[in-house]
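Try each one before you read the solution.

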Amino acid sequence: MNRNEFILKAIQLAIENVQSGRGGPFGALIVKEGRIIAAAANEVTSSLDPTAHAEVVAIRKACQVLNDFELSGCEIYCSCEPCPMCLGAIYWARPAQVFFAAPGTAAADAGFDDSFIRQQISLPYQKQRLPISQLVHEQSLTPFQAWQAKADKVKY
C-alpha cells in the first residue's frame, strides 16, 4: 500500500465509525515498514472515555503490537488533523511522520471545534478559564528524586 491508500483507509475507518454509531468521525492507522500494525476509530462515546480519540487508541494498540512505548520508524495516518491532546500523545510516541486528511477547520464545522483548547493551553494558568493551581506540598519533589536515584529506570 502507498500513502494515499493508507490515508484512504483512515478515512474509511472514520466513515464506518459514524455509520456504526460507536463514536465520532475519526480514524487512524499506524504503519511500520509499509504494513498496518494498528487501526482505530474514535471510541469516546462507546467507551465513555474522553481520551479515546482514534489516534490515542491506535497508538495504544500499536505499542502493544510492538511491545514498546515508542513508535520509532512508524507513520501515523489520521482522517483529520490531530487535536491538541492527540498531538501531545503523538509527540510522546515519537513516530517518524504524521499524515492527516481533513483540516481541523472541517472538524470544527462538524461540531468538533478544538480552537478553544488550543487557545487556552497557550495561556498561563492564571489566565485560563479552567481554574488550575499548584498546591505546594513538602513531598512534591519526592517522586522525581526517587526516579533520579533509580539505577534501573527505563528512560522515555
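## Exercise 1: the sheet

Work out how the strands are put together.

Step 1. Start with strand β3 (residues 74-80), which pairs with β4 in the parallel sense over five bridges; two strands pair if DSSP finds at least two bridges between them. Within β4, A102 is the bridge partner of C80.

Step 2. Now widen the view: four strands make an open sheet with mixed pairing, ordered β2-β1-β3-β4. β2 (35-41) and β4 (97-102) stand at the edges with a single partner strand each, so one side of each has no neighbour in the sheet. From one strand to the next, the twist averages 15 degrees (axes are lines fitted to C-alpha atoms, and angles run from 0 to 180 degrees between N-to-C directions).

A word on the ground rules: this is a predicted model, where local features need pLDDT of at least 70, side-chain atom pairs count only at pLDDT 80 or more, and totals for chains, interfaces and linings use all residues. Residues are numbered from 1 along each chain as its sequence is written, and side-chain values use heavy atoms, with hydrogens and water left out.

## Exercise 2: the whole chain

Step 1. In sequence they read α-β-β-α-α-β-α-β-α-α-α.

Step 2. Check burial: 31% of the 156 residues are buried, meaning under 20% relative accessible area with a 1.4 Å probe, protein chains only.

Step 3. Finish with the extent: the C-alpha trace spans about 55 × 40 × 25 Å along its principal axes.

Terms used:
Helix = DSSP H or I, 4+ residues; strand = E, 2+ residues; numbered from the N terminus. Buried < 20%, exposed > 50% of the residue type's maximum accessible area, 1.4 Å probe, protein only.
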